[in-house]
Amino acid sequence: MKTDKTTSWDDRYSQEAYVYGEEANVFLQEKISLLETIDDVLCIAEGEGRNAVFLAEANKTVTAWDYSNEGLKKARKLAEKKQVTIKTEQVDLAHVEWEANQWDAVVNIHGHFNPQDRQRILQGVQRTIKLQGYYISEVYSTDQLRFKTGGPKNIAMLYDPIELLELFKGWRIIHFFVGETVRNEGAMHHGAGHVIQMIFQKI
């Protein structure tokens, strides 16, 4: 049975156009060289698959999780168009059981979650990444509301950089940036915005 959450995202992704575009997030593209030595990558809240397909083009074994079946259909369609293979799974991140030490890297590009679910999800992410593996993410900060160029309208679903640093305390910080950047990703992310970029390594 579909929830209001899945119905909303299915409605968004049911249009022919890729609402966040077909190209991977720029930050992920810029940092792909860090992933040269890894293979198994999980993309969470992956939607229409642009980042998963990009990673598959870089010869990674990629699994895409999202709770929108319409988004995952488009992810498979994009992979076919780009002539790569990705695995897709319809998953509600708020309730998934995270297997320990399963992935070389977890990628979260603009996956924003209800505050009651966010800590559990990110703790699950920490659990499932292998030792020496990476968490790679770009999300909107709480300052994004004043830009109005994408992301949730509810400040509770945006990220506080201090909260993230506390949650990943003990991990090696490879990259951490908080500030303005420009994103032109389809119709949904367009113009200057305020992001948090992070690459943490499990040690």
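The following passage describes the overall fold of the chain and then its aromatic contacts.

The structure is a predicted model, in which local features require pLDDT of at least 70 and side-chain atom pairs count only at pLDDT 80 or more, whereas totals for chains, interfaces and linings use all residues. Residues are numbered from 1 along each chain as its sequence is written, and side-chain values use heavy atoms, with hydrogens and water left out.

The chain contains six helices and seven strands, assigned as DSSP runs (H or I of at least four residues for helices, E of at least two for strands) and numbered from the N terminus. Read from the N terminus, the order of these elements is α-α-β-α-β-α-β-β-α-β-α-β-β. Because its radius of gyration of 16 Å is close to the 17 Å given by the globule rule for 203 residues, the chain is as compact as a globular protein of that length; the radius is taken over C-alpha atoms, and the rule is 2.2 Å times the number of residues to the power 0.38. The C-alpha trace spans about 45 × 40 × 35 Å along its principal axes. Of the 203 residues, 53% are buried, where buried denotes under 20% relative accessible area, exposed over 50% and partly exposed the range in between (1.4 Å probe, protein chains only). Among contacts with a separation of 6 or more, 71% join residues 24 or more positions apart, a contact being heavy atoms within 4.5 Å.

Aromatic pairing was assigned to rings of Phe, Tyr and Trp (its six-membered ring) with centres within 6.5 Å, planes under 30 degrees apart being stacked, over 60 edge-to-face and the rest tilted. Phe176 is partly exposed at 27% relative accessibility, whereas Phe200 is buried at 1%. Ring pairs join Tyr135, Phe168, Trp171, Phe176 and Phe200 into a cluster.

Charged side chains also lie over aromatic faces, the criterion being NZ of Lys or CZ of Arg within 6 Å of the ring centre and within 35 degrees of the ring normal. Arg12 is placed over the face of Trp9 at 4.5 Å from the ring centre, and Lys74 over that of Tyr18 at 4.7 Å.
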